[in-house]
Amino acid sequence: MPPINLSSKTASTAASSPPEPAPGGVCAIHQPNFFPRLSTLAKLFAADCWIVLDNVQFTRRDYQHRTRLAALDNPADRRWLSIPTRLPHGRQTLIRDAIMTEPARSRLRTARVLRQHYGASPHWPAFEQALAPVLDAFADERTAAVAEASTRALLDLLGWRGCILRSSSLPVRPGRSQRLADLATAVGARTYLCGTGGMHYLQPAPFAAYGIAVIPFTTPDTGVWKDAHITSAVQTLMKVGSNRLAAELHIVATKAPDTPPVAPATHVCQGYAP
């Protein structure tokens, strides 16, 4: 496979201009999710670099503009919190181009619903402070800006110190798997974390050509992880606090790189499915 020049630009990084990712690290690629599920957050936490996949098609039945909140003391009591979103280019609209229809109203509703659900938690004051930049992001009017900010806020509360870049700022070639392999190569990754829902689609050959190990990322299904694939990580954070949750995430993160790489003949995966 001919090499591609992936060093020409990493400008237009995420808003706070993070440092360049160290070569040889662990990479996760995922769409911006609105207050993501714990399983998604865990995958990002386990990575040295999160590439925000913002230049693929927006999906209304996904988590790019909505999150499922669980009640503080009853995880089975769930409700959706959504950001009404308009797609200027119809179904072909990219995630980065999706626009909120009522940003001011959505901002107020988001703040109100989160307080109603979690204001009684002893961990609410720290979360409320971290929520400020998320609410400020509604002024951007792009749904992706709020979704990315919400994930950043959770990662910051948990002490994550990785690098965040957007896929739209990095050069890639066509093809779903080739795109992901090129993105991982652009940040110097040697390990790519792949979510369980994606392990049915990704072709490992482009990664193998770059010497990148594809690791299937999974989370436990007991304790704080019981509803990790269903509800937003906010409920767990408000239930156990940032220190306890960070400790749980560290345990999962340290196990992930030790998992044997996916064998090309048996497994495939996709980086942009939950």
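Contact is taken here to mean heavy atoms within 4.5 Å. The structure is a predicted model, in which local features need pLDDT of at least 70 and side-chain atom pairs count only at pLDDT 80 or more, while totals for chains, interfaces and linings use all residues. Residues are numbered from 1 along each chain as its sequence is written, and side-chain values use heavy atoms, with hydrogens and water left out.

Under this criterion, Leu-38, Ala-42 and Phe-45 of helix α1 meet Leu-245, Ala-246, Leu-249, His-250 and Ala-253 of helix α8. The residues of this contact comprise seven nonpolar, one polar and no charged. The axes of α1 (residues 38–45) and α8 (residues 242–255), lines fitted to C-alpha atoms over the stretch in contact, come within 9 Å and cross at roughly 65°. Helix α1 is therefore roughly perpendicular to α8 (65 to 115 degrees).

Phe-35 and Phe-127 form a tilted pair, at 6.2 Å centre to centre and 55° between the planes. Phe-35 lies in the loop between β1 (26–30) and α1, and Phe-127 in helix α3 (residues 124–136), 92 residues apart. Phe-35 is buried at 0% relative accessibility, and Phe-127 is likewise buried at 2% (buried: under 20% relative accessible area; exposed: over 50%; partly exposed: in between; 1.4 Å probe, protein chains only). Ring pairs join Phe-34, Phe-35, Trp-124 and Phe-127 into a cluster.

Definitions and conventions. Axes are lines fitted to C-alpha atoms, for helices over the stretch in contact, and angles run from 0 to 180 degrees between N-to-C directions. Helices (H or I, at least four residues) and strands (E, at least two) are DSSP runs, numbered from the N terminus. Angles under 35 degrees count as roughly parallel, over 145 as roughly antiparallel, 65 to 115 as roughly perpendicular and the rest as oblique. Ala, Val, Leu, Ile, Met, Phe, Trp, Tyr, Cys and Pro count as nonpolar, Asp, Glu, Lys and Arg as charged, and the others, Gly among them, as polar. Rings of Phe, Tyr and Trp (its six-membered ring) pair if their centres lie within 6.5 Å; planes under 30 degrees apart count as stacked, over 60 as edge-to-face and the rest as tilted.
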